[in-house]
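Here's a quick briefing to read with the model open beside you. Grab a viewer and follow along.

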Amino acid sequence: GGELGKPCRFVYYPMTFQAFQTLKPEIAAGLPRVDKGVASAAAVIAENRTPSEVSEVAAMSEAGSSKGISRTGSLADSLDKMSMSTDDSEQSAMKSTIDKVDEMIAAGLILPMRFPDPGKPEGIRTFRKPILTMKDISFKYPETDKFILDKANATLTLGSRAVIVGGNGSGKSTFLKLLIGDLEPEDGIGQTWKHHALRLSYVAQQALHHLEEYVKDTPIHYIQERFRQGLDAEVSKLKSIQLTDDEKEQMKGTGAVYAVVGRQQRGRALWYEVQKNGRVAADTQWFPLSEIETTMKPYIKKLIKNYDQKAQALESGMAIRPITEAEVLAHLADFGIDTQLAFGKIRQMSGGQRQRLVICAAFWSKPHVIALDEPTNYLDNDSVAALTKALKDFKGAVVTVSENEAFVAEISNEKWIVESGSVTAVQLRDAKAR
């Protein structure tokens, strides 16, 4: 976790090197060997990676460009077996770290992650009651004729620990984005329902998806800017919430709804209070959600989602939570990001540290649901173990795309298999078995 040119904190491990290799395989793999030297400082700065990462990439590059070696026959078989053996070894080492995570956190060897308790959405008293459903949803990208998902179904409860699996190109990440609202299903096909008070956060596969505008800033500044308005700026960018230019024009028409200003539960139905052009602001009208969804223009549903988002921010305390330096520092510390990192530039952070940062930001709003796309890709074994423990202790729902077997085996109680355009749910264990 150190930075180039600054003092580092040294940790003493009272054990043999062989024992250290078992405990910390990712560090041992980065140590110099006869065939793999230490990366230069210039290379580290140029590539914005850790020394071991630069060394490994260089070694792989040299191996791949060696002349006179053809990867055929027995050599290819040997390399494949070595790769499989390495994968098995890595999974075994990761499982070992996950199994000992409590002991290692207590000893100060692993920086923990502590997720806040989100509470339960209004009216949800059990872990088995649905909080989000998708029924007969279909989707295809505009430039293609083939449907990636065709009449797909899913039900999410507060007790769900769902892992989305499937072959390459099967639509796993697409399905996750549809679930969280970063993509919209085909118009007029299927139904999506989400509890009106449900808070949901999303961590993309690439941390830079969230950080690209802030790499020259500090983690403190990133958190402050993302939540400056009392709302999560990332949620406001979702396609299911963001108004298009055409929809903004529709709002200007005579008698058109231009704002949603209230919400009431009347019996089992939700009613929303709206303002229309041509009327004074105080002359509002109330409509049931069912009528809005079936008889009014689609953009009004986006206005409703924006209103719900503001109400959720008030309910979680996010809207009034101070974004002072002290408050942000305390939140960062809960995710293993110390003061030195907090005041440094994001571009100086390693891939794993950036991943911790975006996970940390996702939990500022105290979400009921956390959606993660390949969250372990840039984390070392220690951080994967810390994330695994935090997710197991989390009192909300989890949906993730991951091929990390050790991670998935620990956290999941449901498997959603995406195949041939459909989604099949398989229950692995009870919702309360966390």
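In the hairpin of strand 11 and strand 12, which residue takes a positive phi? That's Ser 420, with phi near 55°, in a hairpin that has two residues between the strands.

Before the rest, some ground rules. This is a predicted model, where local features need pLDDT of at least 70, side-chain atom pairs count only at pLDDT 80 or more, and totals for chains, interfaces and linings use all residues. Residues are numbered from 1 along each chain as its sequence is written, and side-chain values use heavy atoms, with hydrogens and water left out.

**The chain overall**

- You're looking at 18 helices and twelve strands; helices (H or I, at least four residues) and strands (E, at least two) are DSSP runs, numbered from the N terminus.
- Out of 434 residues, 43% count as buried, meaning under 20% relative accessible area, with exposed being over 50% and partly exposed in between (1.4 Å probe, protein chains only).
- Take the contacts (heavy atoms within 4.5 Å) between residues at least 6 apart in sequence: 68% of them join residues at least 24 apart.

- Six strands make an open sheet in the order 5-9-10-3-11-12, with mixed pairing; two strands pair if DSSP finds at least two bridges between them.
- The edges are strand 5 (200–203) and strand 12 (422–427), and each has a single partner strand, so one side of each has no neighbour in the sheet.
- On average, neighbouring strands of this sheet are turned by 15° against each other, direction ignored; the axes here are lines fitted to C-alpha atoms (for helices over the stretch in contact), and angles run from 0 to 180 degrees between N-to-C directions.
- Strand 3 (residues 161–165) and strand 10 (residues 397–401) pair in the parallel sense over four bridges, and Ile 164 has Val 401 as its bridge partner in strand 10.
- Strand 11 (residues 414–419) runs antiparallel to strand 12, and six bridges join them; Val 418 stands opposite Val 423 in strand 12.

**Aromatics and charges**

- Searching the whole structure turns up ten aromatic pairs, where rings of Phe, Tyr and Trp (its six-membered ring) pair if their centres lie within 6.5 Å, and planes under 30 degrees apart count as stacked, over 60 as edge-to-face and the rest as tilted.
- Phe 115 and Phe 363 are a stacked pair, because their ring centres are 4.0 Å apart and their planes are at 20°.
- Phe 115 lies in the loop between helix 6 (101–106) and strand 1 (130–139), and Phe 363 in the loop between helix 16 and strand 9 (369–373), so the pair ties together parts 248 residues apart in sequence.
- Phe 115, Phe 335, Phe 363 and Phe 394 form one aromatic cluster.
- The charged end of Lys 120 sits over the ring of Phe 127, 4.9 Å from its centre; that label needs NZ of Lys or CZ of Arg within 6 Å of the ring centre and within 35 degrees of the ring normal.
- Lys 140 lies over the face of Phe 147, 5.9 Å from the ring centre.

- Val 328, His 331 and Leu 332 are buried in helix 14 (residues 325–333).
- These residues cover an arc of only 100° around the axis, which puts them on the same side of helix 14; the arc is that of the directions from the helix axis to the C-beta atoms.
- The buried residues of helix 14 pack against helix 9 (219–226), helix 15 (339–342) and helix 16 (351–362).
- Thr 218 is in the loop between helix 8 (208–211) and helix 9, and counts as buried at 17% relative accessibility.
- Setting aside neighbours within four places in sequence, Thr 218 is in contact with Ala 342, Phe 343, Gly 344 and Ile 346.
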